[in-house]
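Open the structure in your viewer and keep the selection panel at hand. The stops below say what to select next and what is there.

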Amino acid sequence: MLKFNFRSVAALCVATAALFVAPPSQAGDRTLFGDFGVVGKNADRWEARLGIASYDTGVFSHKAFDGVVVNGEILAPSPDFLYGLGSPRPYVGFDAAIADDPVHFFYTGLNWETYFTDRLYLSNSLGGAIHTADKLEHPDGDYKALGCRALFHLGIGVGYDLTRDVTAQLYADHFSNADLCDKNNGAESAGIRVGYRF
């Protein structure tokens with residue numbers, strides 16, 4: 001069974017950090033299907049996001065714990081070499097829980113935005129995460145059995161641009177190990193956040 005260790009987490013962080021030093025994309029907007037589904041609209045911009053969510057709330061795992069999550073992300077401009085993938089922007093983020101025996105997540109990866117109108121868009125994220133849970137394989141302990149110290153991060157959101165620079169999203173985060181470890185209960189949060197592009 002494959003287990004993540006400190007070196008694999010460090011390699012993931014270094015590889016993602018290398019994306020930030022690449023030159024930003026100069027490519028313009030592109031469409032996926034004719035005039036429908038614009039991608040790359042914000043590929044050349046930085047963005048800061050801050051939100052609040054319900055702890056242990058999502059679609060793919062059962063709710064066992066109550067609390068609140070403070071979420072934050074920084075997105076960088078998309079490097080030119082990611083143009084063929086739809087100009088995703090590299091991101092780093094965190095989910096800081098306010099709950100009994102909280103588990104916090106720190107994550108990084110790539111974020112895609114697909115616009116369906118001038119203001120309405122779908123946001124998708126794919127990356128990796130590490131967390132602060134003490135017990136990884138104890139299913140009925142202080143938290144669900146997350147199995148691995150390093151997990152995958154999946155994010156999805158529906159956003160609306162209030163102005164060119166300010167946006168709001170309904171979003172959800174999912175963390176799990178894709179059955180790479182003995183236990184894989186997963187953890188999720190769902191809530192609302194605002195973003196500022198610059």
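A cavity here is a set of points, on a 1 Å grid over the protein atoms alone, where a 1.4 Å probe fits but cannot get out, and its lining residues have an atom within 4 Å of a point. Grid points are joined across faces, edges and corners, and the volume is the space filled by probe spheres set on the points. The model is predicted, so to speak of local features requires pLDDT of at least 70 and side-chain atom pairs count only at pLDDT 80 or more, while totals for chains, interfaces and linings use all residues. Residues are numbered from 1 along each chain as its sequence is written, and side-chain values use heavy atoms, with hydrogens and water left out.

**Whole chain**

Select the chain and colour it by secondary structure. There are one helix and ten strands, in the order α-β-β-β-β-β-β-β-β-β-β from the N terminus. Helices (H or I, at least four residues) and strands (E, at least two) are DSSP runs, numbered from the N terminus. Of the 198 residues, 43% are buried, where buried means under 20% relative accessible area, exposed over 50%, and partly exposed in between (1.4 Å probe, protein chains only). Among contacts (heavy atoms within 4.5 Å) with a separation of 6 or more, 61% are between residues 24 or more positions apart.

**Cavities**

How many cavities of 30 Å³ or more does a search of the whole structure find? The search finds two.

For the largest cavity, select Gly40, Lys41, Asn42, Ala43, Gly86, Ser87, Pro88, Arg89, Asn111, Trp112 and Glu113, which line it. Its volume is about 70 Å³. Strand β6 (residues 105-115) gives the largest share of this lining, three residues. By class, the lining has three nonpolar, five polar and three charged residues. Ala, Val, Leu, Ile, Met, Phe, Trp, Tyr, Cys and Pro count as nonpolar, Asp, Glu, Lys and Arg as charged, and the others, Gly among them, as polar.

Next, select Tyr55, Val69, Asp95, Phe105 and Ser189, which lie nearest the centre of the second largest cavity among its twelve lining residues. The elements giving two or more residues to this lining are β5 (89-98) and β10, and β10 has the largest share, three residues. This second cavity holds about 60 Å³. Eight nonpolar, one polar and three charged residues make up its lining.

**Disulfide**

Select Cys148 and Cys181, which are joined by a disulfide with S to S 1.6 Å; a disulfide is a pair of cysteine sulfur atoms within 2.5 Å. The pair links distant parts of the chain, 33 residues apart: Cys148 is in the loop between β7 (120-131) and β8 (150-161), and Cys181 is in the loop between β9 (166-176) and β10 (187-197). The link is right-handed, with 105° about the S-S bond. Both Cys148 and Cys181 are buried. One disulfide is found in the whole structure.

**Two positive phi angles**

Select Asp56, in the loop between β3 (47-55) and β4 (68-75). Asp56 is not a glycine, yet has a positive phi of about 60°. Asp56 is buried, at a relative accessible area of 0%.

Finish at Asp101, in the loop between β5 and β6. Asp101 also is not a glycine and has a positive phi, of about 45°. Is Asp101 buried or partly exposed? At 48% relative accessibility, Asp101 counts as partly exposed.

Note on methods:
On a 1 Å grid over the protein atoms alone, a cavity is a set of points where a 1.4 Å probe fits but cannot get out, and a pocket is an open set with protein on both sides within 12 Å along at least five of seven lines; lining residues have an atom within 4 Å of a point.
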